[in-house]
Amino acid sequence: MKNTEEDKKIKKQQKYEQELLRLEELSKFEKEYNEKGYELIGGIDEAGRGPLAGPVVAACVILPKGCIIEGVNDSKKLSEKKREALYDEITQKAVAWGVGIMDNNVIDDINILEATRNAMTKAVEELEVKPDYIFIDAEKKVNTKGIPYLPIIKGDALSISIASASIIAKVTRDRMMKEYDKMFPEYGFEKHKGYGTKAHTDAIKEHGLTMIHRKSFCGKFI
């Protein structure tokens with residue numbers, strides 16, 4: 001039996017209400033710290049720690065107090081199409097957002113952990129409006145330019161601010177890798193984004209390293 005229009009409306013409303021409940025749970029850290037007197041909460045996350053090529057990218061996002069954006073979630077749980085759509089909505093609604101990028105040469109010079117921390121600091125520096133408090137996905141010892149912060153394990157699944165930052169960081173990096181794919185089409189960067197897939201490692205074995213490969217990650221191919 002086909003659903004009636006009324007049934008469809010009811011299911012749509014139920015789905016919407018479930019999403020609001022999920023987003024309310026995702027905003028619990030923000031609400032807690034708003035109640036402590038922090039009006040502007042920033043969230044920081046990164047993309048690209050593990051790949052053999054390309055930069056590590058961090059983002060910091062400040063959403064308006066009580067902001068609800070349907071679909072926001074850990075970027076790894078979202079399709080590329082959904083991430084792209086949410087990127088536009090997040091950047092439009094955010095009080096401020098900033099991105100920090102550290103390329104493969106920096107990663108090779110100072111290691112991926114320090115490069116990630118530097119990218120996070122850069123993301124804070126790029127904000128036109130500074131937050132009162134920052135949530136960071138797991139990472140400790142980040143220079144937040146004097147702004148107090150809280151590391152949250154698996155924060156991209158627990159904080160709407162960090163989840164939003166994860167989307168901005170992921171989309172920014174993916175767009176960069178697509179541009180690198182045009183420069184080095186034989187490596188398939190558009191598909192694997194620099195991660196160590198078999199197609200990627202086979203391409204390295206056949207063609208060698210490019211100027212965007214992390215030599216410290218690719219020692220066995222040199």
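## Close-up views of a predicted model

View 1. Five strands form an open sheet in the order 3-2-1-4-5, with mixed pairing. Its edge strands are strand 3 (96–102) and strand 5 (149–152), each of which pairs on one side only. From one strand to the next, the twist averages 20°; axes are lines fitted to C-alpha atoms, and angles run from 0 to 180 degrees between N-to-C directions. Helices (H or I, at least four residues) and strands (E, at least two) are DSSP runs numbered from the N terminus, and two strands pair if DSSP finds at least two bridges between them. The model is predicted, so local features need pLDDT of at least 70 and side-chain atom pairs count only at pLDDT 80 or more, whereas totals for chains, interfaces and linings use all residues. Residues are numbered from 1 along each chain as its sequence is written, and side-chain values use heavy atoms, with hydrogens and water left out.

**View 2. The pairing of strand 1 with strand 4.** Strands of a sheet pair through backbone hydrogen bonds, either parallel or antiparallel. Strand 1 (residues 41–47) and strand 4 (residues 133–137) pair in the parallel sense over four bridges. Ile 44 has Ile 136 as its bridge partner in strand 4.

**View 3. The largest pocket.** This pocket holds about 280 Å³ of space. A pocket is found on a 1 Å grid over the protein atoms alone, as an open set of points where a 1.4 Å probe fits, with protein on both sides within 12 Å along at least five of seven lines; lining residues have an atom within 4 Å of a point. A volume is the space filled by probe spheres set on the points, which are joined across faces, edges and corners. Of the 17 lining residues, Asp 45, Glu 46, Ala 47, Gly 48 and Lys 76 lie nearest the centre of the largest pocket. Strand 1 and helix 6 (160–183) each supply at least two residues of this lining, and helix 6 gives the largest share, four residues. By class, the lining has 11 charged, three polar and three nonpolar residues. Ala, Val, Leu, Ile, Met, Phe, Trp, Tyr, Cys and Pro count as nonpolar, Asp, Glu, Lys and Arg as charged, and the others, Gly among them, as polar.

**View 4. The second largest pocket.** About 200 Å³ of space lies in the second largest pocket. Its lining comprises 16 residues, of which Glu 30, Pro 64, Lys 65, Gly 66 and Cys 67 lie nearest the centre. Helix 1, helix 2 (28–35) and helix 6 each supply at least two lining residues; the largest share, three residues, comes from helix 2. Seven nonpolar, four polar and five charged residues make up this lining.

**View 5. Aromatic pairs.** The count comes to 10 aromatic pairs, where rings of Phe, Tyr and Trp (its six-membered ring) pair if their centres lie within 6.5 Å, and planes under 30 degrees apart count as stacked, over 60 as edge-to-face and the rest as tilted. The rings of Tyr 133 and Phe 135 have centres 5.9 Å apart and planes at 65°, so this pair is edge-to-face. Both Tyr 133 and Phe 135 are buried; buried means under 20% relative accessible area, exposed over 50%, and partly exposed in between (1.4 Å probe, protein chains only). Ring pairs link Phe 29, Tyr 33, Tyr 38, Tyr 133 and Phe 135 into a cluster.
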